[in-house]
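Here's a quick briefing to read alongside the coordinates.

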Amino acid sequence: MTKPLLSVDNLRIEFNTRRGTLVAVNDISFKINAGEIFGVIGESGAGKSLTGQAIIGLLEPPGKIGAGQIKLNDRRIDNLPYDQMRKIRGKEIGMIFQDPLTSLNPLYTIGRQLVETIQTHTEMTVTQAREHAVDLLEEVGIPAAGKRIDHYPYQFSGGMRQRVVIALALCVNPKLIIADEPTTALDVSIQAQIIALLKKLCNDHGTAVILITHDMGVIAETADRVAVMYAGRLVEIGQVRQVVKKAAHPYAKGLMSAIPSLSQRSRKLTQIDGTMPRLSDIPKGCAFHPRCPECMDMCKENQPGLFNIGPSQVACWRYHDIKL
Amino acid sequence: MISNSKSSPLLKVTGLKQDFEVSKPLLNRLIEGQPRQFLRAVNGVDFVVNSGETFALVGESGCGKSTIANMVVGLYTPSAGKIYFDGIDMARLANRNAEMKLRQRMTMIFQDPYASLNPRWRVSKIISEPIQAFGLLKGKKAILERTGSLLRKVGLSARDGDKFPHEFSGGQRQRISIARALASEPEFIVCDEPTSALDVSVQAQILNLMTDLQNQFNLSYLFISHDLAVVRHMADRIGVMYLGRLCETAPADDLFDDPKHPYTRLLIDTIPDIEMTGRERTPVQGEIPNPMDPPRGCPFHPRCPLVQDHCKTTQPVLTSIGKSRRVACHVIT
Amino acid sequence: MNKILANTGSKKINSVMDVLKRFFDSDLFYSYRQSTVTIVASILTLLIFICSIGAPLIAPQNPFDMGSLDLMDSHIPPTWDEEGDARFLLGTDDQGRDLFSAILYGSRISLLVGFSSVIFALILGVGLGLISGYMGGTLDAVIMRVAEVQISFPAILIALLVDGVLRTMIPDADTEHLAISVLIFSIGISGWVQYARTVRSSTMVEKNKEYVQAARVIGIRPVLIMLRHILPNVMGPVLVIGTIHLAVAIVTEATLSFLGVGVPATQPSLGTLIRIGNDFLFSGEWWITIFPAIALAVLVLSVNLLGDWLRDALNPKLR
């Protein structure tokens with residue numbers, strides 16, 4: 001086995017509030033290999049964005065890492081002082097946010113922002129950095145890049161802006177990019193362009209991506225492996241094909257069949273009854289048990305860990321019944 | 001046209017237009033000598049919604065679908081064109097009495113479950129507002145009973161009426177919105193992206209609920225969405241919009257099995273492939289033009305793979321193809 | 001019948017308990033408990049409120065009752081001074097008025113004028129702001145231009161101007177008993193703009209929210225939408241402005257009275273007392289002006305601190 005690029009071990013993210021400690025992410029572990037696109041899917045409040053923020057060291061207080069380790073190339077990065085983490089951010093881990101407007105400074109031209117980022121992390125001169133920036137903009141598909149480089153963010157459309165953000169994330173060739181809902185704010189036709197671009201670039205540069213989204217379609221198109229999160233826990237990790245076609249965990253199963261299908265039209269969608277619990281009252285045992293159609297007595301008492309089932313890992317007490 | 005159906009349509013919209021003024025303030029205009037500027041959000045749209053059916057409008061942001069929804073329920077006054085509800089011209093209502101009578105028969109469900117409920121009102125008060133506005137029931141007790149039964153109908157409990165909206169999740173709030181919509185006993189509901197703010201599993205719950213209620217009360221829906229998969233699931237007929245115009249209307253199955261207009265084809269092509277059939281997708285090239293300055297001729301021509309010379313100068317009109325489909329394209333006929 | 005009454009009674013008690021429980025559990029109460037400054041400020045404010053409302057019961061003397069004044073008692077320094085008199089805790093002024101009593105009665109006038117003018121400004125400003133924000137168009141433009149013109153002058157100048165104009169219009173005979181109403185009107189009219197501008201901008205945000213559209217779809221009349229839907233949702237910032245404006249209004253009243261155009265000397269407010277004392281400051285009788293000044297400062301500072309806390313506590317961005 002090759003060494004993983006990133007490994008997250010027993011990560012726990014907590015919020016201290018005046019009503020006690022809320023556990024937003026509870027004991028999750030996964031590994032990402034170099035060059036792999038790793039999807040993280042879950043509904044809002046499942047803790048997927050927090051996981052991404054924890055990896056890149058941008059958890060907003062009062063959120064904090066309560067336990068666990070994050071290792072990049074075997075080096076612990078979850079307890080680094082701010083200054084060292086800042087160097088890793090951008091150089092080794094890049095970030096793409098949902099809203100391209102908030103990740104670009106509206107007061108500077110995109111050229112200046114690109115050059116600044118490149119110069120922070122490399123030894124390039126201004127001219128070299130600028131040339132590199134133009135190349136990058138061309139690579140992300142911005143027409144007339146040489147001219148557009150001196151434009152301000154507001155002069156770009158949403159899709160073009162997200163391309164600039166991708167260029168910004170890629171400009172010093174990081175090993176890992178965390179993309180948090182990169183296409184959610186975009187229109188469907190633009191969304192497809194951005195997904196295709198992201199996939200191609202990461203392939204070309206050998207960059208690994210953590211793709212955080214609530215849109216299973218995006219994951220199915222792009223990712224190699226996918227992790228399904230529910231109420232701050234990982235319920236299933238597996239190959240995308242496996243999870244989409246034949247999910248093992250009851251929640252993942254329900255999630256897949258709840259997506260309206262294009263090819264056939266049924267009068268009734270499969271639905272998961274109930275709602276995801278609030279962080280303040282996550283049930284004992286398996287967090288999904290009150291909504292689970294296959295709930296057993298022990299599910300109400302004990303939280304299942306991830307069990308290896310074939311190529312997948314599933315957190316379900318029915319693991320011995322599951323055949324993959 | 002669809003007018004071959006036996007009953008007359010419940011909603012009929014003809015030549016609908018909506019201009020928004022986007023001029024600078026008066027003083028700036030006077031000093032800088034600029035004319036008033038308008039954005040044509042909807043540019044000559046006609047369609048019908050028959051009783052008991054779901055007609056969906058799909059399109060990307062800025063195509064004017066939500067503006068149409070707002071005009072139909074009377075939140076905007078159309079700049080041109082007519083809206084007939086059950087044969088009544090909505091712009092020519094005799095008095096408030098007639099207006100309220102019409103308003104009682106149609107209502108709307110909104111997109112954002114966090115903004116569509118007054119945060120300072122209890123749920124029972126929110127749901128009883130239409131009941132009181134239309135004078136459907138008299139007496140506190142009767143109204144309370146009715147709100148309770150409405151809450152049960154949408155899958156909540158009558159006790160939830162005492163709570164405030166912030167105590168509910170997004171999906172539950174959307175259920176409350178639906179209960180409020182049902183409170184006025186309408187025949188026709190305009191649904192403006194009712195599930196686009198919700199998670200997939202909750203979306204399934206809400207869509208199923210809406211289907212059940214449609215069957216139970218013989219409701220007609222005007223369903224606005226950008227999500228083709230959702231539209232495919234909900235709609236009987238679909239209208240595809242681009243830059244304020246309809247480019248194709250067809251029964252749902254026909255539209256997905258055999259899309260005619262190049263934009264429809266590309267739109268269907270861009271849907272991420274959840275079935276993983278491995279089909280190659282061709283992303284639509286280019287971006288949506290600025291609606292302030294739409295292209296001449298067919299608005300889709302700068303992005304169209306089939307573009308011909310006269311597409312750039314002449315605007316295509318919706319023409320019937322077969323008995324239930326209309327397409328606005330010079331090339332496809 | 002009795003049973004029903006008892007039932008509704010207990011229901012009322014329950015709902016009151018419910019509200020109380022929600023209050024003590026709320027973030028607002030939590031942030032209050034966390035801030036010592038706010039607790040001290042609120043205790044001081046409450047103390048001044050109670051003392052001034054209960055002035056007739058607490059004060060040893062009625063300073064308005066000319067009959068009880070004795071010129072022999074004038075210019076007596078505070079009790080702890082060698083020449084002090086046990087009857088007059090904080091000394092007396094030139095007319096033999098007990099300063100402690102005068103301060104209690106004076107802050108009553110100050111608070112009365114302050115509160116009334118805040119309420120007047122609030123109703124006027126919130127009303128105009130709602131109309132302006134909801135209706136838009138020409139009406140909005142007119143209201144806002146008036147507001148802008150007014151805000152370009154200092155509030156005190158507006159108050160002085162209105163006060164002066166009104167005084168010349170009122171026949172001399174009525175000046176005395178209308179003085180306070182005139183003062184309230186002039187201070188109130190000088191302060192409505194802030195309310196109107198804040199309410200207008202929140203209204204413009206709220207009116208595009210879907211709950212307002214939902215009400216419009218079912219044909220609720222604009223006036224009812226403004227009052228029932230929008231008003232409760234824009235009152236948060238108004239409360240903050242109101243509290244801070246109370247401090248400003250009290251100071252404005254004191255300033256006007258100090259300048260001699262405020263309340264008549266027969267009903268002295270804190271400002272009037274300071275003015276009277278000012279004449280004796282250089283003859284060494286410092287207490288006549290200092291004590292009312294301290295009272296005014298403590299009152300205004302406490303109210304201001306409360307307002308600051310309320311602003312921070314209600315602002316979700318700072319939480």
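What share of the 319 residues in chain C is buried? Buried residues come to 42%. Keep in mind that this is a predicted model.

**Chain C**
- Helices make up the element list here: chain C has 13 of them and zero strands.
- The C-alpha trace of chain C spans about 75 × 55 × 45 Å along its principal axes.
- Take the contacts in chain C with a separation of 6 or more, and 69% of them link residues 24 or more positions apart.

**Where chain B meets chain A**
- Chain B puts 34 residues into this contact and chain A puts in 36.
- On chain B's side, α6 (170-183), α7 (200-217), α8 (228-234) and α10 (262-269) each supply at least two residues.
- α7(B) gives the most, with eight residues.
- By type, the chain B side splits into 16 nonpolar, 11 polar and seven charged residues.

**The sheet in chain B**
- Eight strands of chain B form an open, mixed sheet, ordered β6-β7-β8-β3-β9-β10-β12-β11.
- β6 (106-109) and β11 (319-321) of chain B sit at the edges with a single partner strand each, so one side of each has no neighbour in the sheet.
- From one strand to the next, the twist averages 20°.
- β6(B) runs parallel to β7 (residues 188-192) of chain B, and four bridges join the two; I109(B) has C191(B) as its bridge partner in β7(B).
- Helix α2 (residues 65-72) of chain B packs on the sheet, touching β3 (54-58), β7, β8 (220-225) and β9 (237-242) of chain B. The direction of α2 in chain B makes about 150° with that of β8(B).

Definitions and conventions:
Residues are numbered from 1 along each chain as its sequence is written. Chains are lettered from A and ligands numbered from 1 in the order in which they are written. This is a predicted model: local features need pLDDT of at least 70, side-chain atom pairs count only at pLDDT 80 or more; totals for chains, interfaces and linings use all residues. A residue is buried if 20 or more other C-beta atoms lie within 10 Å of its own, exposed if 12 or fewer, and partly exposed in between; C-beta atoms are placed from the backbone. Two residues are in contact if their C-beta atoms, placed from the backbone, lie within 7 Å. Ala, Val, Leu, Ile, Met, Phe, Trp, Tyr, Cys and Pro count as nonpolar, Asp, Glu, Lys and Arg as charged, and the others, Gly among them, as polar. Two strands pair if DSSP finds at least two bridges between them. Axes are lines fitted to C-alpha atoms, for helices over the stretch in contact, and angles run from 0 to 180 degrees between N-to-C directions.
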